[in-house]
Amino acid sequence: MSETSSQDNKSKRHPLDTIGCISRANHFWVFSEMKKSKAGSYQQSDHYNLPDDDRLYKAKERLEAEFRATKSLMTAIWRVYWGYVVWLVFLAVILNFLQLSSPFVLNLLVVHLSKGRDMSDRDKMVLGGYFGYLIFSTLMAGMVMNYMEFTLNRIGYRIANAVTLMMFDKIGKINVLNKTKHSTGNILNYVQTDALKFQGNL
(Lines give C-alpha, C1' and ligand atoms only; values in the text may rest on other atoms or scores of the structure.)
Protein backbone atom coordinates (compact mmCIF):
# COMPACT_ATOMS: atom_id res chain seq x y z
CA MET A 1 0.00 0.00 0.00
CA SER A 2 2.79 2.38 0.92
CA GLU A 3 4.64 1.46 -2.29
CA THR A 4 1.57 2.34 -4.35
CA SER A 5 1.15 5.68 -2.57
CA SER A 6 4.82 6.54 -3.09
CA GLN A 7 4.44 5.81 -6.82
CA ASP A 8 1.37 8.06 -6.93
CA ASN A 9 3.30 10.84 -5.20
CA LYS A 10 6.12 10.46 -7.73
CA SER A 11 3.71 10.66 -10.66
CA LYS A 12 2.10 13.77 -9.16
CA ARG A 13 5.41 15.48 -8.45
CA HIS A 14 5.43 18.85 -10.15
CA PRO A 15 7.67 19.15 -13.24
CA LEU A 16 9.25 22.33 -11.81
CA ASP A 17 10.98 20.12 -9.23
CA THR A 18 12.88 18.20 -11.92
CA ILE A 19 13.18 20.25 -15.15
CA GLY A 20 16.09 22.48 -16.14
CA CYS A 21 16.33 26.15 -17.05
CA ILE A 22 15.62 25.67 -20.76
CA SER A 23 12.32 23.84 -20.22
CA ARG A 24 11.41 26.36 -17.54
CA ALA A 25 12.14 29.32 -19.82
CA ASN A 26 10.13 27.86 -22.70
CA HIS A 27 7.32 26.49 -20.49
CA PHE A 28 7.69 23.04 -22.06
CA TRP A 29 6.47 21.50 -18.80
CA VAL A 30 2.99 22.93 -19.51
CA PHE A 31 2.56 20.56 -22.45
CA SER A 32 2.09 17.54 -20.17
CA GLU A 33 -0.83 19.33 -18.49
CA MET A 34 -2.33 20.12 -21.87
CA LYS A 35 -2.11 16.46 -22.89
CA LYS A 36 -4.18 15.51 -19.84
CA SER A 37 -6.95 17.90 -20.82
CA LYS A 38 -6.99 16.57 -24.39
CA ALA A 39 -7.25 12.98 -23.17
CA GLY A 40 -10.61 13.63 -21.52
CA SER A 41 -12.31 15.52 -18.74
CA TYR A 42 -9.78 17.15 -16.40
CA GLN A 43 -10.27 16.05 -12.79
CA GLN A 44 -8.94 17.41 -9.52
CA SER A 45 -6.91 14.22 -9.06
CA ASP A 46 -5.08 14.97 -12.34
CA HIS A 47 -3.37 18.04 -10.88
CA TYR A 48 0.28 17.92 -9.88
CA ASN A 49 1.30 18.57 -6.32
CA LEU A 50 2.69 22.02 -5.64
CA PRO A 51 6.44 22.41 -6.29
CA ASP A 52 8.49 21.90 -3.14
CA ASP A 53 9.70 25.52 -3.08
CA ASP A 54 6.16 26.89 -3.49
CA ARG A 55 4.54 25.05 -0.59
CA LEU A 56 2.95 27.80 1.47
CA TYR A 57 3.83 26.60 4.95
CA LYS A 58 7.41 25.91 3.95
CA ALA A 59 7.79 29.42 2.51
CA LYS A 60 6.09 30.90 5.58
CA GLU A 61 8.31 29.02 8.03
CA ARG A 62 11.50 30.14 6.28
CA LEU A 63 10.40 33.78 6.17
CA GLU A 64 9.11 33.72 9.73
CA ALA A 65 12.38 32.29 11.06
CA GLU A 66 14.37 35.08 9.43
CA PHE A 67 11.85 37.69 10.59
CA ARG A 68 12.20 36.57 14.19
CA ALA A 69 15.98 36.75 13.89
CA THR A 70 16.15 40.18 12.22
CA LYS A 71 12.92 41.88 13.43
CA SER A 72 12.64 43.41 9.94
CA LEU A 73 10.40 42.04 7.22
CA MET A 74 12.40 43.52 4.32
CA THR A 75 15.65 42.17 5.75
CA ALA A 76 14.02 38.77 6.21
CA ILE A 77 12.81 38.76 2.59
CA TRP A 78 16.30 39.69 1.40
CA ARG A 79 17.97 36.95 3.44
CA VAL A 80 15.56 34.30 2.13
CA TYR A 81 15.49 35.37 -1.53
CA TRP A 82 18.85 37.10 -2.11
CA GLY A 83 19.99 34.25 -4.37
CA TYR A 84 17.03 34.80 -6.69
CA VAL A 85 17.69 38.56 -6.72
CA VAL A 86 21.35 38.13 -7.74
CA TRP A 87 20.40 35.58 -10.40
CA LEU A 88 17.68 37.82 -11.85
CA VAL A 89 20.01 40.84 -11.93
CA PHE A 90 22.56 38.73 -13.82
CA LEU A 91 19.88 37.65 -16.30
CA ALA A 92 18.73 41.27 -16.70
CA VAL A 93 22.29 42.25 -17.71
CA ILE A 94 22.37 39.46 -20.30
CA LEU A 95 18.92 40.46 -21.59
CA ASN A 96 19.98 44.11 -21.97
CA PHE A 97 23.14 43.07 -23.80
CA LEU A 98 21.17 40.90 -26.23
CA GLN A 99 18.58 43.61 -26.88
CA LEU A 100 21.12 46.44 -27.28
CA SER A 101 23.57 44.49 -29.43
CA SER A 102 20.97 43.44 -32.00
CA PRO A 103 20.59 46.92 -33.65
CA PHE A 104 24.39 47.24 -33.83
CA VAL A 105 24.73 43.85 -35.53
CA LEU A 106 21.80 44.70 -37.82
CA ASN A 107 23.64 47.84 -38.93
CA LEU A 108 26.74 45.79 -39.75
CA LEU A 109 24.53 43.39 -41.67
CA VAL A 110 23.09 46.22 -43.79
CA VAL A 111 26.59 47.55 -44.49
CA HIS A 112 27.71 44.13 -45.75
CA LEU A 113 24.58 43.69 -47.85
CA SER A 114 25.23 47.05 -49.51
CA LYS A 115 28.36 45.57 -51.12
CA GLY A 116 26.11 43.52 -53.38
CA ARG A 117 27.93 41.14 -55.72
CA ASP A 118 31.35 42.43 -54.68
CA MET A 119 31.35 40.31 -51.53
CA SER A 120 34.19 37.89 -51.04
CA ASP A 121 33.86 34.45 -49.50
CA ARG A 122 35.00 35.88 -46.18
CA ASP A 123 32.32 38.59 -46.38
CA LYS A 124 29.71 35.91 -47.01
CA MET A 125 30.87 34.01 -43.92
CA VAL A 126 30.71 37.20 -41.85
CA LEU A 127 27.24 37.90 -43.25
CA GLY A 128 26.09 34.42 -42.22
CA GLY A 129 27.51 35.04 -38.76
CA TYR A 130 25.50 38.24 -38.43
CA PHE A 131 22.32 36.46 -39.51
CA GLY A 132 23.02 33.67 -37.04
CA TYR A 133 23.66 36.08 -34.19
CA LEU A 134 20.42 37.99 -34.86
CA ILE A 135 18.42 34.75 -34.78
CA PHE A 136 20.26 33.52 -31.67
CA SER A 137 19.91 36.82 -29.80
CA THR A 138 16.19 37.05 -30.57
CA LEU A 139 15.50 33.51 -29.35
CA MET A 140 17.69 33.92 -26.25
CA ALA A 141 16.15 37.28 -25.36
CA GLY A 142 12.67 35.74 -25.52
CA MET A 143 13.71 32.78 -23.38
CA VAL A 144 15.44 34.95 -20.76
CA MET A 145 12.46 37.30 -20.61
CA ASN A 146 10.02 34.40 -20.16
CA TYR A 147 12.18 32.92 -17.42
CA MET A 148 12.52 36.24 -15.58
CA GLU A 149 8.81 37.05 -15.70
CA PHE A 150 7.84 33.57 -14.56
CA THR A 151 10.38 33.61 -11.71
CA LEU A 152 9.35 37.10 -10.57
CA ASN A 153 5.67 36.13 -10.48
CA ARG A 154 6.49 32.91 -8.66
CA ILE A 155 8.57 34.67 -5.99
CA GLY A 156 5.94 37.42 -5.66
CA TYR A 157 3.15 34.93 -4.97
CA ARG A 158 5.41 33.06 -2.55
CA ILE A 159 6.21 36.21 -0.54
CA ALA A 160 2.63 37.51 -0.56
CA ASN A 161 1.19 34.18 0.61
CA ALA A 162 3.88 33.71 3.27
CA VAL A 163 3.24 37.21 4.66
CA THR A 164 -0.52 36.56 4.63
CA LEU A 165 -0.07 33.36 6.63
CA MET A 166 2.16 35.19 9.10
CA MET A 167 -0.57 37.81 9.51
CA PHE A 168 -3.22 35.17 10.14
CA ASP A 169 -1.02 33.71 12.88
CA LYS A 170 -0.63 37.18 14.37
CA ILE A 171 -4.37 37.85 14.18
CA GLY A 172 -5.01 34.93 16.49
CA LYS A 173 -2.84 36.57 19.14
CA ILE A 174 -4.36 40.06 18.94
CA ASN A 175 -7.25 41.15 21.10
CA VAL A 176 -9.20 43.43 18.77
CA LEU A 177 -11.40 44.63 21.64
CA ASN A 178 -8.47 46.59 23.06
CA LYS A 179 -8.01 50.12 21.76
CA THR A 180 -4.89 49.59 19.72
CA LYS A 181 -3.91 50.46 16.16
CA HIS A 182 -4.75 46.87 15.16
CA SER A 183 -8.47 47.34 14.63
CA THR A 184 -10.56 44.92 12.57
CA GLY A 185 -10.35 47.25 9.56
CA ASN A 186 -6.56 47.55 9.87
CA ILE A 187 -6.16 43.79 10.02
CA LEU A 188 -8.32 43.27 6.93
CA ASN A 189 -6.29 45.93 5.13
CA TYR A 190 -3.04 44.15 6.06
CA VAL A 191 -4.25 40.86 4.60
CA GLN A 192 -6.17 42.08 1.54
CA THR A 193 -3.93 44.96 0.42
CA ASP A 194 -0.53 45.22 2.05
CA ALA A 195 0.49 41.57 1.64
CA LEU A 196 -0.30 41.65 -2.08
CA LYS A 197 1.88 44.73 -2.58
CA PHE A 198 4.96 42.54 -2.24
CA GLN A 199 3.92 40.70 -5.37
CA GLY A 200 2.88 43.84 -7.26
CA ASN A 201 6.13 45.66 -6.51
CA LEU A 202 8.17 42.83 -7.98
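Reply: What follows is a short chat about the fold, the salt bridges and a surface patch.

Me: What kind of model is this?

Reply: This is a predicted model.

Me: How many helices and strands does the protein chain have?

Reply: The secondary structure comes to seven helices and zero strands. From the N terminus on, the elements run α-α-α-α-α-α-α.

Me: And what share of the residues counts as buried?

Reply: Of the 202 residues of the protein chain, 27% count as buried. The chain exposes about 13900 Å², and carbon and sulfur atoms supply 61% of that area.

Me: What about contacts between residues 24 or more positions apart?

Reply: Such residues account for 67% of the contacts in the protein chain with a separation of 6 or more.

Me: Changing topic. How many salt bridges does the structure hold?

Reply: Three. In general, side chains of opposite charge can pair when their charged atoms come close.

Me: Which residues are linked in a network of salt bridges?

Reply: K60, E64 and R68. The side chains of E64 and K60 meet at 3.2 Å, N to O. R68 forms a salt bridge with E64, where the closest N and O atoms are 3.5 Å apart.

Me: Where do E64 and K60 sit relative to each other?

Reply: E64 and K60 are in helix α4 (residues 56-70), and because they are four residues apart there, about one helical turn separates them. R68 and E64 are also four residues apart in helix α4, about one turn of the helix.

Me: Is E64 buried or exposed?

Reply: E64 has 15% relative accessibility, which is under the 20% cut-off, so E64 counts as buried. K60 is buried as well.

Me: And R68, buried or exposed?

Reply: Exposed, because its relative accessibility is 54% and the cut-off is over 50%.

Me: Which residue forms a salt bridge with R79?

Reply: E66 does, with the closest N and O atoms 3.1 Å apart. E66 lies in helix α4 and R79 in helix α5, so the pair ties together parts that are 13 residues apart in sequence. E66 counts as partly exposed at 21% relative accessibility, and R79 counts as partly exposed at 43%.

Me: Where is V86 placed?

Reply: V86 is in helix α5 (residues 73-113).

Technical notes: Residues numbered from 1 in each chain as written. Predicted model: local features only at pLDDT ≥ 70, side-chain atom pairs only at ≥ 80, totals over all residues. Heavy atoms only, no water. Helix = DSSP H or I, 4+ residues; strand = E, 2+ residues; numbered from the N terminus. Buried < 20%, exposed > 50% of the residue type's maximum accessible area, 1.4 Å probe, protein only. Contact = heavy atoms within 4.5 Å. Areas by Shrake-Rupley, 256 points an atom, 1.4 Å probe, with all protein chains shown as cover. Salt bridge = Lys/Arg side-chain N within 4 Å of Asp/Glu carboxyl O.
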